[in-house]
Amino acid sequence: MATISYAAHRTEIAARTQRIPWYLWCVTVAVTSVTIGAHWDVSWHRSIGRDTFWTPAHMAIYACGILAGIACGYLIFATTILRKPRLVASSVGIFGLRAPLGAFLAAWGGLAMLTSAPFDNWWHNAYGLDVKIISPPHVVLMIGIWAICLGSLILALSVMNRADESQRRRLQWMVLYIGSMMLVLNMFFRMEYVWDIYLHSSGAYIAMALGVPLYLAMIWRASRARFACTITSAIYMLFIIGLVLILPLFPASPKLGPVFHQVTQFIPPKFPIVLIVPALALDLLWNRIRNWRIPFIALVSGPAFILTLVTVQWPFASFLLSDGARNRFFGSIYFDYNAPSTSPDILRIFWHPEHGWTLWSGLLLAMLYATVCVFLGLKLGGWMREVKR
């Protein structure tokens with residue numbers, strides 16, 4: 001009887017250790033909430049204009065800070081005060097407190113997000129509502145969001161790096177999902193520079209080169225997944241396509257003038273950039289040259305990313321401005337309520353398209369930026385691969 005009881009106890013402990021900790025699920029929901037809320041908020045401004053601070057979209061954004069605070073506050077309390085052995089063994093000390101490194105980073109991000117809330121409310125009351133992503137309170141908010149996302153990623157990686165093989169596989173999918181939400185947010189903050197009407201000029205590709213290759217390289221190396229770039233890019237595209245299909249199902253009407261274009265439903269984001277193709281190219285390339293030194297990997301990867309992206313996105317951008325894309329799936333039938341009839345977006349024409357040396361000089365610059373970002377991403381991913389606290 002005692003033998004059976006002991007065996008049952010061992011089985012219960014094994015099952016408990018195989019479960020993904022609740023605080024990882026909590027920060028994953030937090031990252032998802034802010035990603036949905038950010039896109040919903042921009043759609044709200046593009047469709048309605050007037051709102052209060054207490055919109056559902058804003059609540060989804062700030063729920064991220066609250067959820068991160070709950071999860072990371074628990075980790076700091078349980079490690080510093082309760083001194084739980086498993087948590088203490090995987091913690092670092094900062095200012096007399098102990099917790100996993102990711103918990104400190106995400107907790108700070110939660111505080112920054114919640115600090116930005118009254119600042120943002122005051123800004124809108126003082127200067128009116130805007131549809132610009134970059135403003136002083138939004139910068140504070142974005143810093144907090146990135147701290148939570150990065151902290152959540154490091155927290156999940158630290159658990160994955162300590163896990164046995166059976167649990168590591170499940171945690172790897174969580175890491176890839178958090179990485180994909182970070183990629184969605186990365187593209188969200190470039191939204192104003194990569195609209196379909198800008199995709200025949202080098203500026204859009206420079207904007208993507210400054211960041212996207214870094215995230216792809218970081219996730220690829222840190223997650224240990226052979227097709228990490230393809231998976232995260234696929235989730236990014238499916239997420240945005242889902243918004244394109246779902247948001248217009250809900251009614252909305254402008255409440256702030258001037259109204260140049262009649263809107264009766266929420267305006268979704270533009271169709272996503274076809275990142276899955278250059279992402280697959282990088283996966284295939286990196287799996288072949290993974291034993292090269294990082295500077296040499298970066299030297300071939302930067303041009304490969306930009307050239308593959310331009311080869312696919314350039315003709316696809318032409319399609320998005322054609323009559324063939326004027327349907328609910330590609331979303332070329334939706335326009336902001338304050339877009340005048342003379343705007344390139346309404347006319348479906350490219351804004352200052354580039355050709356010849358002007359285009360190629362910009363693309364060469366984009367290749368340089370992409371090369372630097374791949375180098376930094378591989379270095380950062382290598383560090384993350386070793387994080388266990």
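Guide: Residues are numbered from 1 along each chain as its sequence is written. Because this is a predicted model, local features need pLDDT of at least 70 and side-chain atom pairs count only at pLDDT 80 or more, while totals for chains, interfaces and linings use all residues, and side-chain values use heavy atoms, with hydrogens and water left out.

Visitor: Happy to start with H2 and H3; how are they oriented to each other?

Guide: Helices here are DSSP runs (H or I, at least four residues), numbered from the N terminus. H2 and H3 (residues 56-80) pack at about 160 degrees with axes 7 Å apart; axes are lines fitted to C-alpha atoms over the stretch in contact, and angles run from 0 to 180 degrees between N-to-C directions. Angles under 35 degrees count as roughly parallel, over 145 as roughly antiparallel, 65 to 115 as roughly perpendicular and the rest as oblique. That makes the pair roughly antiparallel.

Visitor: And how many residues of the H2 contact with H3 are charged?

Guide: Asp, Glu, Lys and Arg count as charged; Ala, Val, Leu, Ile, Met, Phe, Trp, Tyr, Cys and Pro as nonpolar; the others, Gly among them, as polar. The contact of H2 with H3 holds 23 nonpolar residues and 3 polar ones, and the charged count is 1.

Visitor: Which residues of H10 does H2 meet?

Guide: The axes of H2 (residues 22-47) and H10 (residues 228-246) come within 12 Å and cross at roughly 45 degrees, so the two helices are oblique to each other. Contact means heavy atoms within 4.5 Å. From H2, Thr35, Ile36 and His39 take part, and their partners in H10 are Phe239, Ile240 and Leu243.

Visitor: What about H9 and H14: is their crossing left-handed or right-handed?

Guide: H9 (residues 212-223) and H14 (residues 356-386) pack at about 30 degrees, with axes 7 Å apart, and are therefore roughly parallel. A crossing is left-handed if the near helix is turned anticlockwise from the far one by less than a right angle, and right-handed if clockwise. For H9 and H14 the crossing is right-handed.
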